[in-house]
Amino acid sequence: MSSLQLTKARIYDTNPQILTTFANSSIELVVTVENQMLPVVVDPQQALQWVTTHIKPYFPATKITGIAVGNEIFTDDDTSLLGYLVPAIVSIHGALAQLGLDKYIQVSMPNSLAVLEESYPPSAGSFKGEVSSVMSQFLQFLSGTGSPFWINAYPYFAYKDSPNKISLDYALCNKNPGMVDPYTRLHYDNMLYAQVDAVVCAMSRLGYGGIEVRVSETGWPSKGDPNEVGATVQNAAAYNRNLLTRQMSNEGTPLRPNMRLQVYLFALFNEDLKPGPTSERNYGLFQPDGTIAYNVGLSALATSSSSSSSTSSASISLTSSATKASKVEYQSSVYWMLVYLLIVQVFMRRQ
């Protein structure tokens with residue numbers, strides 16, 4: 001991994017060892033308030049204590065630029081957490097402001113695509129009715145603080161569930177005829193961008209059309225169970241390579257062509273001890289021991305970056321899941337690399 005320049009990372013807790021490891025580096029870090037902590041940090045004093053303990057001692061030596069307050073709370077099995085979400089976010093932001101850190105650290109939360117009631121066509125995008133009230137409060141906070149809406153979007157799941165209805169090339173971002181939204185008349189040549197614009201439309205329906213959307217997770221498994229249609233090395237390589245190319249081109253979605261879509265690619269490593277279907281253990285570009293699972297061209301790009309004097313750049317985001325890390329003990333020499341979000345900054349060769 002020495003050939004890859006890591007410039008940003010996201011961790012799914014506030015592990016002091018990791019925060020110390022990133023000190024005095026150029027790596028920007030997003031940390032997480034774990035789901036079970038939301039009822040606690042609703043109290044402004046507890047939120048201040050949390051920030052004082054988990055953020056202040058490490059900043060600015062460690063470049064903490066974001067705090068994720070929970071993960072996929074709108075679709076979490078524990079529905080009681082939903083009522084704590086916005087108060088917890090407000091309290092954490094208030095604590096940052098009290099310590100003068102709010103200008104440097106954004107606060108938000110990654111969401112599952114399952115938060116949408118409708119996603120096709122993109123112009124029909126809408127949030128589920130049962131979360132609309134809290135969602136409006138959440139969006140109001142994001143709008144007021146200039147923070148992004150994070151979405152975990154996986155075209156793979158849509159294709160796996162309906163392989164006879166959804167074009168594989170459309171899901172993989174391969175060259176294909178695509179589809180035209182009948183209401184906006186915008187052309188979509190891949191499902192990921194359609195999913196993102198569905199979120200944009202859903203936010204607009206609630207009166208918040210100016211919030212940036214970032215894809216906090218997307219990817220394609222290279223191996224799956226017999227019923228996991230499309231989970232192959234060839235498809236995984238195609239999806240990630242196509243996405244990588246689009247990221248290097250600084251593309252935006254059809255609704256926002258001039259705003260580069262930031263995408264976090266899931267995942268850097270295969271997580272061989274993770275429970276669930278076979279696909280859950282096979283999203284990585286690398287094996288747990290660091291050997292390559294399949295090549296999407298990162299090595300060549302990294303080599304290009306080291307030999308280039310160009311100052312133009314584009315960021316490629318890589319991630320590994322750790323949402324359930326507290327429930328699973330990953331015994332590996334690369335533990336903290338497995339559970340944290342890693343972004344590779346690749347400098348483009350001057351044309």
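Tyr 154, Tyr 156, Phe 157, Tyr 159, Trp 220, Tyr 239, Phe 266 and Tyr 283 come together in one aromatic cluster. The model described here is a predicted one. Across the structure there are 13 aromatic pairs. One of them is formed by Tyr 154 and Phe 266, and it counts as edge-to-face because the ring planes stand at 80°, over the 60 degrees required, with the ring centres 6.1 Å apart. This pair connects distant parts of the chain, its two members being 112 residues apart. Tyr 154 lies in the loop between strand S8 (149-152) and helix H6 (155-161), whereas Phe 266 belongs to strand S12 (residues 263-266).

| Residue | Relative accessible area | Class |
|---|---|---|
| Tyr 154 | 11% | buried |
| Phe 266 | 3% | buried |

Both values fall under 20%, so Tyr 154 and Phe 266 are classed as buried. Another ring, that of Tyr 193, has the charged end of Arg 246 sitting over it, 5.4 Å from the ring centre.

The largest nonpolar core comprises 93 residues. Ile 67, Phe 74, Ile 92, Phe 138, Leu 139 and Phe 149 have the most contacts inside this core. Helix H8 (residues 191-205) makes the greatest contribution to the core, giving ten residues. The surroundings of Phe 138 can be described in detail: leaving aside neighbours within four places in sequence, Phe 138 is in contact with Phe 74, Leu 85, Val 86, Ile 89, Ser 108, Met 109, Asn 111 and Phe 149.

Helix H4 (residues 82-98) is 17 residues in length and reaches 25 Å from its first C-alpha to its last, close to the expected 24 Å. Its buried residues are Leu 82, Leu 85, Val 86, Ala 88, Ile 89, Ser 91, Ile 92, His 93, Ala 95 and Leu 96. In an α-helix there are 3.6 residues a turn, so residues three or four places apart point the same way. The cover over the buried residues of H4 includes strands S2 (28-33), S3 (63-69) and S4 (106-108), together with helices H2 (38-41), H3 (44-54) and H5 (132-145). After H4 comes Gly 100, with a positive phi near 75°.

Strand S2, one of the elements covering H4, is itself mostly covered, with five of its six residues buried. S2 and S3 run parallel and are joined by six bridges. Within this pairing, Val 30 stands opposite Gly 66 of S3.

Technical notes: Residues numbered from 1 in each chain as written. Predicted model: local features only at pLDDT ≥ 70, side-chain atom pairs only at ≥ 80, totals over all residues. Heavy atoms only, no water. Core = buried A, V, L, I, M, F, W, Y, C linked by side-chain atoms within 4.5 Å. Buried < 20%, exposed > 50% of the residue type's maximum accessible area, 1.4 Å probe, protein only. Helix = DSSP H or I, 4+ residues; strand = E, 2+ residues; numbered from the N terminus. Contact = heavy atoms within 4.5 Å. Expected span 1.5 Å × (residues − 1). Phe/Tyr/Trp six-rings, centres within 6.5 Å; stacked < 30°, edge-to-face > 60°. Lys NZ or Arg CZ within 6 Å of the ring centre and 35° of its normal. Pairing = 2+ DSSP bridges.
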